[in-house]
Amino acid sequence: MKKAKVQTSVRQSTPSLGRWGRSTVSSSPIAIPGGGGGGATGSGNAGTSPEYLGGMSPPHSPNSPPPIPPRPVIRQSSFTKIGYMINTAVNGTKKQFIGSSGGGSGNGDTSWCFSQIKGALDDDVTDADIISCVEFNHDGELLATGDKGGRVVIFQRDPASKSSTPRRGEYNVYSTFQSHEPEFDYLKSLEIEEKINKIRWLKRKNQSHFLLSTNDKTIKLWKVSERDKRVEGYNTREDNGSVRDPSSISALRVPSIKPMDLMVEASPRRIFANAHTYHINSISVNSDQETYLSADDLRLNLWHLEITDQSFNIVDIKPANMEELTEVITAAEFHPTECNVFVYSSSKGTIRLCDMRSSALCDRHAKLFEEPEDVDITNKSFFREIISSISDVKLSNTGRYMISRDYLSIKVWDLHMETKPIETYPVHEYLRTKLCSLYENDCIFDKFECCWNGNDSSIMTGSYNNFFRVFDRNSKKDVTLEASRDIIKPKTVLKPRKVCTGGKRKKDEISVDCLDFNKKILHTAWHPLENIIAVAATNNLFIFQDKF
């Protein structure tokens, strides 16, 4: 049965200054085949052209056998090679990191300065404009944001800022498109929000860029490509696309290629739907660049990028009786170099490392990372379980370490040591006395993300009052900075902020009672090769870099 092609007009940013700044591409709307839909009630493939994985067969039709994987999966029943695997990852080739002092030393001594702000500066903020995820691609040339309105905005590094001396971290709007639309599941009487939960870039293999975006139920693979030429002189149709009357064709024409203004096109190549009962909280692309995982509250699924109608359930923690449910999955990620290893965190404050070679269903973990329980009963409180829930977990670029973020702290774990973290950094310890009021206004359930810098020497995470924290692992120094509109002048150096918990407040300090809990930094990203950071503050995207 033929599938109808739906032409969806995608909003493209105009050359004038708009919500995200000045665009560098054509302002014409772009047509996307098969776009728009695709939720829990989606309709399968969005495209069958195998542009992404060269040499691989397209998704199979219902009348043909499923494609044979390009290489066999080797499974082993023991974990004897895990230590060797981690050592190999640590001793492998490290990324070159351009830091403030040439080699990317720690950031305890780095002075950060303002580079750019994206988004409208109005105080009247609509819910759809609130940024819900931020992600650099693998070389840092592109920066993608998703918002609660289901839109994806891609920024491109300004070539002039990259070649200038000193280098500047400036980005211009590259492409804007509607990734997801609001939907309704009539079987469950459930509204499906269009909010973009996660964006993950795939490594570039040709002239186009590919990324995965997901809302609560549906994951889409997007192709972002440039077009600066058009074909004219078709025989069967006019240049505007209308079909020519065959009786009016008196001679054959040779089509010609004409130059045109640069246009960036975004088209959905795959739609992965109907595989999650609960809300998707994580997606992670495997190092083999052929598969990826998606996680919801109780299950992890493994997908092949070329197959949309089936996935493999690799973790299932749903109990037979839901009344016995004690924890949920909060985040999951593949190992950066070993395609058979992944980790996932839980609301109980534990992180499990699994090896897919052991069994098809990874219900038994290879390693369990858990901090020893505090034996001092006086430190136990009603909120202990809530604040110990892990909201994000990220493996380091080398694959040797990982960081986990709970409500009050960020921890660094060595994959060789499961018993306790090797480093613990308090993020906003001064809020421990405010947990009661934070519980009442639901702020205690906020999910803060965390990220590594390019050489794993520093980590960053967000806080309230538009504060964000940067920790240097080498010097053990840390700094609290603010993403504020008061400093939106080029090259303005950010002043460290301090929070006063009691007693006499100094001039540059802010009282803990004066913090604005409606202003929060949940999403941050660090350039993979340079000291450039992107911080999402409500509807604004701040870009900072090390001092000029």
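This is a short tour of the structure, stop by stop.

**Before you start**

The model is predicted, so local features need pLDDT of at least 70 and side-chain atom pairs count only at pLDDT 80 or more, while totals for chains, interfaces and linings use all residues. Residues are numbered from 1 along each chain as its sequence is written, and side-chain values use heavy atoms, with hydrogens and water left out.

**The whole chain**

Show the protein chain as a cartoon. It holds 4 helices and 34 strands. Both are DSSP runs, numbered from the N terminus: helices are H or I with at least four residues, strands are E with at least two.

The chain exposes about 26,500 Å², and carbon and sulfur atoms supply 51% of that. Accessible areas come from the Shrake-Rupley method with a 1.4 Å probe; for residues, only the protein chains shown count as cover. Of the 548 residues, 52% are buried. Buried means under 20% relative accessible area, exposed means over 50%, and partly exposed lies in between (1.4 Å probe, protein chains only).

Contacts are next. A contact means heavy atoms within 4.5 Å. Take the contacts with a separation of 6 or more: residues 24 or more positions apart account for 60% of them.

**Stop 1: Ser115**

Select Ser115 in strand S3, residues 112–118. Is Ser115 buried or exposed? Ser115 counts as buried because its relative accessible area is 10%. Show its side chain. It reaches the backbone oxygen of Gly169 at 2.5 Å. That is a polar contact: a pair of N or O atoms within 3.5 Å, where, within protein, one must be able to donate a hydrogen and the other to accept it, and residues adjacent in sequence count only if both atoms are side-chain atoms. Leave aside neighbours within four places in sequence, and Ser115 is in contact with Gly169, Glu170, Ile543, Phe544 and Gln545.

**Stop 2: a cis peptide bond**

Select Thr165 and Pro166. A cis peptide bond joins them, with omega about -5°. Pro166 lies in the loop between helix H2 (159–163) and strand S7 (171–178).

**Stop 3: two positive phi values**

Most residues other than glycine have a negative phi, and most peptide bonds are trans. Select Gln289. Its phi is positive, near 60°, and it is not a glycine. Gln289 sits in the loop between strand S14 (282–285) and strand S15 (291–295). Its relative accessible area is 7%, so Gln289 is buried.

Move to Asn466. This residue also is not a glycine, and its positive phi is about 60°. Look for Asn466 in the loop between strand S27 (458–462) and strand S28 (467–472). Asn466 is buried, at 10% relative accessibility.

**Stop 4: Val285**

Go back to strand S14 and select Val285. Val285 is buried, with a relative accessible area of 16%. Which residue lies 85 positions from Val285 in sequence and 7.1 Å away in space? It is Arg200, with the distance taken C-alpha to C-alpha. Beyond neighbours within four places in sequence, the contacts of Val285 include Arg200, Trp201, Leu202 and Phe334.

**Stop 5: Asp296**

Asp296 lies in the loop between S15 and strand S16 (299–304). At 0% relative accessibility, Asp296 is buried. Show its side chain and find two backbone nitrogens. The one of Arg299 lies 2.7 Å from a polar atom of the Asp296 side chain. Not counting residues up to four places away in sequence, Asp296 touches several others, among them His276, Tyr278, His279 and Ile329.

**Stop 6: Pro246**

Select Pro246 in the loop between strand S12 (219–232) and strand S13 (256–272). Pro246 counts as exposed because its relative accessibility is 65%. Thr236 is 10 residues from Pro246 in sequence and 7.3 Å away in space, C-alpha to C-alpha.

**Last stop: a pocket**

Select Glu371, Arg384, Glu385, Ile387 and Ser388. Among the 38 lining residues of the second largest pocket, these lie nearest its centre. On a 1 Å grid over the protein atoms alone, a pocket is an open set of points with protein on both sides within 12 Å along at least five of seven lines, and lining residues have an atom within 4 Å of a point. Helix H3 gives the most to this lining, with 5 residues.

How values were computed. 1 Å grid on protein atoms, 1.4 Å probe; cavity = no way out; pocket = protein on both sides within 12 Å on 5 of 7 lines; lining within 4 Å.
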